[in-house]
Amino acid sequence: MWTDLGSKGTASWKGHAVLHVLRSCDTLSTLSLSLGPTDGSSAAHLGHISNNLSIFVSFSTLASFTLESAIWLTDLALLLDGWPSLKELTLHSLRGDCSRMPPPPTTKSIQRLSIRTNTLSEQHACWLIAHQRLTHLSIALPGLPSTFFTALAHLSPTLTSLRLTNRFAAKGAPAPPTASPLLPFLVLSSVLEELQLSGDVLGPAEKLDELLAAVSKVGTVAKLWIDDGVREPLERALRKGELAQLAEVVSVGRKGPAVKSFEQAMDERGIELSRE
């Protein structure tokens, strides 16, 4: 177990020693913790937060929290109520498998939210974003719930970076929608700078040109993460002079063959191309 204790430096601690140290940190602004398995498979490690909520919730000055392990959504809700100044939240694993919904959080200051893996329901995912004014969002969704994308549209005035994936995509999920669920958000957005275009959020392949045209109309998108299937329509968009602000493209997922014409289109526009 390790912790970044801000002005106290970075140190390694074992057992309950870290809890003793944390009790003395009443003015923390940044806290990073690793408490064991990141997948939440160990109830004991999940209990590190659950059993010591009174310590963690007391950090009223906390502005940034990173947890390299799992946490229950119900515990997170209690913590947020004690962190009125929190602006950045990064979680490796968020367990949402509970029947009750937490009440709306009193903390509504989060700007950057990143959740790598989760077991959230549609309602839980909406709860996370509905009460914040996010500028950066990265999350894997439970399918493509329409209520989430409705809530997402309300973030269009502030959201500058958006990375969405569908965690059910490889598990026999329903067919992709007839149009990208991102479109209502893109129509309203005027500040978006970074966007992931991959997986089911793309909608049907035959409408990718329409989706990229909507991205182009935002007028501020400088970075894209894309599936290999986006390369051809993206090349067409670039050769038509669309996406004027685009400066960087990152290919994600399965490594496909290089396409010379696509790379040439990148070079002609001076766009950096890399693979993740």
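So, at what angle do helix H9 and helix H10 pack, and how far apart are their axes? Keep in mind that we're looking at a predicted model. H9 covers residues 231–239, H10 covers residues 260–269, and the two pack at about 35° with their axes 10 Å apart. Angle and axis distance are how two packed helices get described. The crossing of H9 past H10 is left-handed.

Okay, who's touching whom? On the H9 side we've got Arg-231, Leu-234, Glu-235, Leu-238 and Arg-239, and they meet residues of H10 including Phe-262, Ala-265, Met-266 and Arg-269. Sorted by class, that contact has five nonpolar, two polar and five charged residues.

Now let's stay with H10. Its buried residues are Phe-262, Ala-265 and Met-266. They cover an arc of only 100° around the axis, so they sit on the same side of H10. Remember the general rule: an α-helix has 3.6 residues a turn, so residues three or four places apart point the same way. Turned away from that buried side, you'll find the exposed residues Lys-260, Asp-267 and Glu-268.

And what do the buried residues of H10 pack against? That would be H9, plus strands S10 (223–226), S11 (248–251) and S12 (272–275).

As for Phe-148, leaving out residues up to four places away in sequence, its contacts include Ala-125, Ile-129, Leu-137 and Leu-164.

Terms used. Residues numbered from 1 in each chain as written. Predicted model: local features only at pLDDT ≥ 70, side-chain atom pairs only at ≥ 80, totals over all residues. Heavy atoms only, no water. Axes fitted to C-alpha atoms, helices over the stretch in contact; angles between N-to-C directions. Helix = DSSP H or I, 4+ residues; strand = E, 2+ residues; numbered from the N terminus. Left-handed = near helix turned anticlockwise from the far one by under 90°. Contact = heavy atoms within 4.5 Å. Nonpolar A, V, L, I, M, F, W, Y, C, P; charged D, E, K, R; others polar. Buried < 20%, exposed > 50% of the residue type's maximum accessible area, 1.4 Å probe, protein only. Arc of directions from axis to C-beta.
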